[in-house]
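Take a moment to look over the chains before reading on, and keep the view open while you follow the paragraphs below. We will go from the whole chain to a sheet, and then to a helix.

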There are 2 protein chains.
Amino acid sequence: MSEVKTKAGLAQDAAATLNKLSTEQKNEALLRMADALIAAEADILAANEEDLRRGRENGTAPSMLDRLKLTPERIADIAQGLREVVALPDPVGDELEHIERPNGLRIQKIRVPLGVIGIVYESRPNVTVDAAGLCLKTGNSVVLRGGSAAISSNKTIVEALRKALADTAVPPEALQLIEDTNRASVDEMLKLNGLLDVVIPRGGASLIQNVVQNATVPVIETGAGICHTYIDAGAKAAMAEAIALNAKVQRPSVCNSMETLLVHREFAEAHLAALAESFKSSSVELRGDDRVRKLVPWANAVTEQDFATEYNDYILNVKIVDRLDEALEHIRKYGTKHSECIVTETPEHAERFLQEVDAAAVYHNASTRFTDGFEFGFGAEIGISTQKLHARGPMGLPALTSTKFKIVGSGQIRK
Amino acid sequence: MSEVKTKAGLAQDAAATLNKLSTEQKNEALLRMADALIAAEADILAANEEDLRRGRENGTAPSMLDRLKLTPERIADIAQGLREVVALPDPVGDELEHIERPNGLRIQKIRVPLGVIGIVYESRPNVTVDAAGLCLKTGNSVVLRGGSAAISSNKTIVEALRKALADTAVPPEALQLIEDTNRASVDEMLKLNGLLDVVIPRGGASLIQNVVQNATVPVIETGAGICHTYIDAGAKAAMAEAIALNAKVQRPSVCNSMETLLVHREFAEAHLAALAESFKSSSVELRGDDRVRKLVPWANAVTEQDFATEYNDYILNVKIVDRLDEALEHIRKYGTKHSECIVTETPEHAERFLQEVDAAAVYHNASTRFTDGFEFGFGAEIGISTQKLHARGPMGLPALTSTKFKIVGSGQIRK
């Protein structure tokens, strides 16, 4: 049997055990995992150095090497992350509905683990630990398939975590790492109906699209974000500038950063030139249509394709619109239903925007950068769902659960 | 552009309008639809007669013709079904979470429509109306793709419904019927990411498997049920018999009926022979292993394959087990995670069964036949989900919704 199938089977068997554990037993396991990470620091750093050396030899980009790199501080942070998950409430066992039927049946809807979760990701070794912690906390087994760039780090980390689990009620088999980093092992995971209950991709657009296009296992799509900020006529100039700048430059590489700024004609005439200077000072390249370039002559020309591009970089499209409806229409056409913002002092415009824009998170007078499990107060985040089924937006622990109806009777039969 | 893509596009445009409607506006549309069905009775019956004639000519099985057949009473029932949906609470707009962050951000999690729902189904024309009513009530557009057997009925029904919508706030484009009944039109729907937000298959195992295996659009899997009833040692004989018989014969053709009866050795020795006679009187063929056939000599031999078969018929597998764990193990191996029942007077056994069996609905001392949206008191049912994501078990109106985070600030930016 293949590595993927064998390990998924072991994970499924372990899930039956996990399902019976108490919150205390799961928390104890997480604490041991945190300790084990710290204890294995030297081994993990040595393995990480192997990955980095291989990456440098292969000409990997510095930004990728930076994502891959571990330090004693990063390992301590990752271990601390596990301890913080311990402190979060365990959603498993929560009663979501309680129904008493006229025939005497008592029906409870209870949160239960999903079962076995597959995570397909790229080169960040911290995902290995974060995902393991969140899945185990919610009583799920997890099958991890990280990228080849981090395989030495991941093997060493998982070995340490599994050794820690051996002394706990959580079976080490609940945590599986697929060591085969060929594309075929991902493809196999995506078709593992009956063994995997869900696959969650974490990474760039091509990784996510591969999962969405090829999985027969249910998927939670995450990630892609072409986010807009619309500055309405009459918006407060200082607030609008602060929000727009923050949405673009506070961390351009992430999915909730802004890619296109929509500006009402009146605001543009009064403030766009100054706003453009602020972006310029922050090293942002602007791309605009003719109306924009009239006010900001140094801006480059924007193309249709640009509006449909997630730059994740210091590049911003700018478009002038004549009314709210034009902004709504643009967002409807180019948005990816992730995070969208209106800056306005007109309550009816804010209300229409929040109601009519179809996105996981819609903002009035706040930066789109807040779309994040920690910023929402969930205390954790397994990713940001951009689909509408199951979970939408930042996903905390409840997104890793399913439900079950428990029905207690006294001999009822259906007439 | 293809019929499927054109109609899905129109449905998507209409969804933007639907999203803004009040519950009253949607209810008004449903009432008009109900009236229109009654008014179009003669046309619908004539079209249905065409379908039936074609079916008879093609040698369609009588049971299939029965599913297809409409009568004035059935049309009245279907119209009444729409009126009952009017009476149900509209989940759209419900606030599910309200978070006030230390930085002053106010975050609301609100129920919103899914958007555009694709329904792929077989020959029951009532599904056309039921699905349309439930989708529109929850503010969703719907793209219906029924089977060729009912195409004349479906066209006439949808024409009547759309004509009724023309006088309401709900755009007729929100209701689309794919008239191309070639397999290719289903295949096209399954890949319509960006236009369809979800596809729900309703029908037999092969239809559902085709959808699950080929869709890149998110799917809610429904249907397949290999359900078990386990009669524990010390169960009350009369209650056990009533529950087991009901689970098998009250309506054998449906997914929540029982396919395999597991009986503890002690109960079997005392009661299986008599219980078998009751099944025989109800025309049920029994299939058992050697231990069963010692007690019920007329039972046929059961095969491994039988345990993995959803008969939906008057056939029942019987197996004797020595302990609860053996029953749990059997259910784990052969169950489809739909509905599972234990009949017992031992509270610890009931508790273990309800906790450890991984299924959408787990029963203690009640028939598995209750797994149904109406029996659960939901007032409606779009299907029974057998997957763990988004919805599990009977799906009422909330299963046809997603959520959206609305965030209101006063200029907050992320540090």
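How far apart do the C-alpha centres of domain 1 of chain A and domain 2 of chain A lie? In this predicted model, the two centres are 35 Å apart. The domain assignment of chain A places residues 3-221 + 387-408 in domain 1 and residues 227-370 in domain 2, so that domain 1 is written as two stretches of the sequence.

Staying with chain A as a whole, you can find 15 helices and 16 strands in its secondary structure. Its radius of gyration is 24 Å, close to the 22 Å that the globule rule gives for 415 residues, and chain A is therefore as compact as a globular protein of that length. The C-alpha trace of chain A spans about 70 × 70 × 35 Å along its principal axes, and 54% of the 415 residues count as buried. Among the contacts in chain A with a separation of 6 or more, 72% are between residues 24 or more positions apart.

Now turn to a sheet that draws on both chains. Strands of a sheet pair through backbone hydrogen bonds, either parallel or antiparallel. Here ten strands form an open sheet with mixed pairing, in the order β1(A)-β2(A)-β16(A)-β13(B)-β12(B)-β7(B)-β8(B)-β11(B)-β9(B)-β10(B). At the edges stand β1 (95-100) of chain A and β10 (300-301) of chain B, each with a single partner strand, so one side of each is left without a neighbour in the sheet. The partner of β10(B) is β9 (residues 285-288) of chain B, and these strands pair in the parallel sense over two bridges; in one of the pairings, G288(B) has A301(B) of β10(B) as its bridge partner.

Helix α15(B) lies across β16 (401-412) of chain A together with β12 and β13 (361-366) of chain B, and runs at about 160° to β13(B).

Finally, which residues of helix α14 (residues 324-334) of chain B are buried? They are L324(B), A327(B), L328(B) and I331(B), and because they cover an arc of only 100° around the axis, they are on the same side of α14(B). An α-helix has 3.6 residues a turn, so residues three or four places apart point the same way. On the other side of α14(B), D325(B) and K333(B) are exposed. The buried residues of α14(B) are covered by elements of chain B including β7 (227-231), β8 (258-264), β11 (315-321), β12 (339-343) and α15 (347-356).

Notes. Residues numbered from 1 in each chain as written. Chains lettered and ligands numbered in written order. Predicted model: local features only at pLDDT ≥ 70, side-chain atom pairs only at ≥ 80, totals over all residues. Buried ≥ 20, exposed ≤ 12 C-beta atoms within 10 Å, placed from the backbone. Helix = DSSP H or I, 4+ residues; strand = E, 2+ residues; numbered from the N terminus. Arc of directions from axis to C-beta. Contact = placed C-beta atoms within 7 Å. Domains from an automatic or database assignment. Pairing = 2+ DSSP bridges. Axes fitted to C-alpha atoms, helices over the stretch in contact; angles between N-to-C directions. Rg over C-alpha atoms; globule rule 2.2 N^0.38 Å.
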